[in-house]
Amino acid sequence: MSKPPRHWAAMNEMGFEAGMRLLFWIFRIGGRAPFRCVLYPVLAWYVLTKPLARRASADYLRRLSLYTSAAAPSLWSVPRHFASFAEGMLDKMLLWGGRFNTDSVRFYGKDVVVECLDGRRGALLICSHMGNLELCRILSQQRKDLKLTVLVHTKHAQSFNRMLARQNPDSQLNLLQVTELSPATAIMLAEKINQGEFVVIAGDRIPVASHPRVAIASFLGAPAAFPVGPYVLASVLQCPVFLLFSLRRGRHSEVHFELFRDSVRLPRQGRDTALAALAGDYAARLEYFCQRAPLQWFNFYDFWHLPQLELSDARG
C-alpha cells in the first residue's frame, strides 16, 4: 500500500538554506544572470530527489491546464514552477536586505484599504501562498499607521526564516506563530483590530490539527479542502475582510486588495453552508489569480487529497 500523503506542515518546504545563502551571495556579486546559471542545476537535483513535491507540482499544473483548456504541461513545466519559487525566495531576501526596488510595485484596490486606515479601522486580510507576501510586510513599514500581524506556522520553514532574520532582524517582528486559533488568540487579535491594526491569515492551507475543520470547495474543477478558520475568525472580529494576492508580472510586482465582505456573520442554522459558500468564493478568486500567474502558486503537496476531516466547524 502506498503511504498516505503527509500534511503540508510535516514537509520541509524547500529546506536548502545553505544553497539559498550561496545563491544570494552569487546574486550580490553578479546579479540574476549568474544566479540563474547556478540555480538550475540545484533545481534539477531537487526535482529529481523530491518525488512528492514533483508530483504535486505536476498535478497542479495538469489540473490548471485542463480547467483552462490550455496546452498540457511540458517536460519543463515542473522545473519552471520550482524556479519561480526559488526566485520568489530570492526576492524575499532582497526585500529584507534592502536591495529590492519597491518603487516598481503596482497596487490595485489600495483605496479600500486606505479608507480603513484613514478611519482607523482594523481589518482581516486573507492571503494565499501565491507570489511574495513579504512585499506587503516591507511596505507596511513605510506607512506608520499600517500595522500587520501575520499568522503563520513557521515550524516547516524555520531555516528560511532564520535566513531572512540574518538579512534584517525585523523580518520576525510582525509574525505570530499559531497552530490553532484558540479563544485566547482570538481575544488578542480582537484587541489588535480595535486598535486599527490588520491581521493576515492564509486561506489556502488547512489547519495543523489531527482533524482539521474545513469546508470543501471546488478548485480547478475538483473538490479540495479549505480552512474555515479565516471566516470563523472574521465572524469573531466583526471587521472588514479583504483578499490579498501578490504576484510578479514581468519586471513589476503587483499587490491586489479586494473587499471580500464588509463583515462576516455566521448563522446558527446553516453554519456549514455559510462557511462552504465563503470558502467557495475565496477558491474562485484563487483560481482567477492562478490563471494569471500559473507558476506562482506554491503549495507543493497533494492539495486535493481529502483525508479524515472535520467538516463542521460547529462540532467539537
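**Notebook: a predicted protein chain**

Entry 1. Overview

I began with the secondary structure, and the protein chain comes to 10 helices and 9 strands. I note at once that this is a predicted model. I then looked up burial: of the 316 residues in the protein chain, 52% are buried. I also looked up how far apart in sequence the contacting residues lie. Among contacts between residues at least 6 apart in sequence, 78% join residues at least 24 apart.

Entry 2. The sheet

I asked in what order the strands of the sheet lie. The order is β1-β9-β8-β2-β5-β3-β4, in an open sheet of 7 strands with mixed pairing. The edge strands are β1 (105–108) and β4 (175–177), and each of them pairs on one side only. From one strand to the next, the twist averages 25°. As a reminder to myself, strands of a sheet pair through backbone hydrogen bonds, and the pairing is either parallel or antiparallel.

Strand β8 (residues 241–249) pairs with strand β9 (residues 252–261) in the antiparallel sense, over 9 bridges. Within this region I looked for the bridge partner of Leu 244 in β9, and found Phe 257. I then turned to a helix: α5 packs on the sheet and touches β1, β5 (198–202), β8 and β9. The direction of α5 makes about 135° with that of β5.

Is Thr 149 buried or exposed? I found Thr 149 in strand β3 (residues 148–152). Its relative accessible area is 8%, so Thr 149 counts as buried, because the cut-off for buried is under 20%. I listed the contacts of Thr 149, leaving aside its neighbours within four places in sequence. The residues in contact are Asn 174, Leu 176, Lys 192, Glu 197, Phe 198, Val 199 and Val 200.

I looked up the space in the second largest pocket, which is about 390 Å³. The lining consists of 21 residues, and those nearest the centre of the pocket are Arg 32, Ser 84, Glu 87, Asp 91 and Arg 248. Two or more residues of the lining come from each of α2 (32–49), α4 (77–96) and β8. Which element gives the most to this lining? The answer is α4, with 6 residues. Sorted by class, the lining has 6 nonpolar, 8 polar and 7 charged residues.

Entry 3. The largest cavity

I looked up how many cavities of 30 Å³ or more there are, and the count comes to 1. The largest cavity holds about 30 Å³ of space. I recorded its lining as Cys 127, Ser 128, Met 130, Leu 133, Leu 244, Phe 245 and Ser 246. The largest share of this lining comes from β8, with 3 residues. By class, I noted 5 nonpolar and 2 polar residues in the lining of the largest cavity, and no charged residues.

Key: Residues numbered from 1 in each chain as written. Predicted model: local features only at pLDDT ≥ 70, side-chain atom pairs only at ≥ 80, totals over all residues. Heavy atoms only, no water. Pairing = 2+ DSSP bridges. Helix = DSSP H or I, 4+ residues; strand = E, 2+ residues; numbered from the N terminus. Axes fitted to C-alpha atoms, helices over the stretch in contact; angles between N-to-C directions. Contact = heavy atoms within 4.5 Å. 1 Å grid on protein atoms, 1.4 Å probe; cavity = no way out; pocket = protein on both sides within 12 Å on 5 of 7 lines; lining within 4 Å. Points joined across faces, edges and corners; volume = space filled by probe spheres on them. Nonpolar A, V, L, I, M, F, W, Y, C, P; charged D, E, K, R; others polar. Buried < 20%, exposed > 50% of the residue type's maximum accessible area, 1.4 Å probe, protein only.
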